[in-house]
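Open the model in your viewer and keep the selection tool at hand. We start with the whole chain and end on one side chain.

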Amino acid sequence: MTKTRVIAALIMAPVAIAAILLLPTQWLAAAAAAVFLIGLWEWLKLADVDDTLARTVLLVLNLLLMVLMVWAGDGSLVLYQIAALVGIGWWLMALLWLRFFTFGASPSSPARALKLLAGTLAIVPAWASLVLIHAGGESGNGHLWLLTALMVVWAADSGAYFAGRTFGRTKLAPRISPNKTWEGLGGGMVAGLVVALCLGWLAGIDSGHVVGLVVTAVVTVFASVLGDLYESLIKRHAGAKDSGHIIPGHGGVLDRIDGVLAALPVFALGKEIFGF
């Protein structure tokens, strides 16, 4: 990791953590929407939408969808729960897409339309899941649980990087992301579980819910890898190394949130199912 990459991470991480812990849910929702929509802007470019006006219109439509959810929800979290389920359904389809690597590789109209729809199905449910987790339900510790969800993804990403560099031998998906290995995935899983248990304790989890947290964390790590791999897939289709250049040393916003997009609906649903 380059010096620039480390410095950028040291700036972004405290800002993100402070926002999660200190902002009320409605303000965090607004800030997250801005970040996610920047990621969507980059997604649309990877999906061959080069016209700025067309991308702007699509971005506004997604923003309106978020606003509509806030307005129609009127304080209820049911719509956010439904959106999380829709997101999980999409990522299961994305898993199948990874199996058929060449599907959508050519810039044909059907493939392009599907990638545009995929952007909405990834961004909006992830944003809704973030709001759902942070709102916290009856626990009142939503800010800590959202931090846990994100820290699991970040720890898994770092753990996979270092384990892959040290022990990596067996390629995970060589046609999509040649640097990823099964050994790296194992290292990421260990790091993610350790962070989940530590922050879960901080969030006040009781012994009866630890198993549920572990199951949720395991699936969350797998989902984060899926999100990373799918973004790698569309970047390869587009012939791009990074989704953008807005973050020094890191590429685009989408490069930083790809795993989060898939992980948040999983963590939100796990939290709802197991009740921690």
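The stops below go from overall fold to surface to a single residue.

This is a predicted model, in which local features need pLDDT of at least 70, side-chain atom pairs count only at pLDDT 80 or more, and totals for chains, interfaces and linings use all residues. Residues are numbered from 1 along each chain as its sequence is written, and side-chain values use heavy atoms, with hydrogens and water left out.

**Whole chain.** Colour by secondary structure. You get nine helices and two strands. Helices (H or I, at least four residues) and strands (E, at least two) are DSSP runs, numbered from the N terminus. Walk from the N terminus: the order is α-α-α-α-α-α-β-β-α-α-α. The C-alpha atoms fill a box of roughly 50 × 50 × 35 Å along the principal axes.

**Surface.** Of the 276 residues, 47% count as buried, that is, under 20% relative accessible area (1.4 Å probe, protein chains only).

**M66.** Now select helix 3, residues 52–73, where M66 sits. Is M66 buried or exposed? M66 is buried, at 2% relative accessible area. Which residues touch M66, leaving aside neighbours within four places in sequence? Select A33, L37, I123, V124 and W127.

**M93.** Last, draw a C-alpha to C-alpha distance from M66 to M93: 23 Å in space, for 27 residues in sequence.

Note on methods. Buried means under 20% relative accessible area, exposed over 50%, partly exposed in between (1.4 Å probe, protein chains only). Contact means heavy atoms within 4.5 Å.
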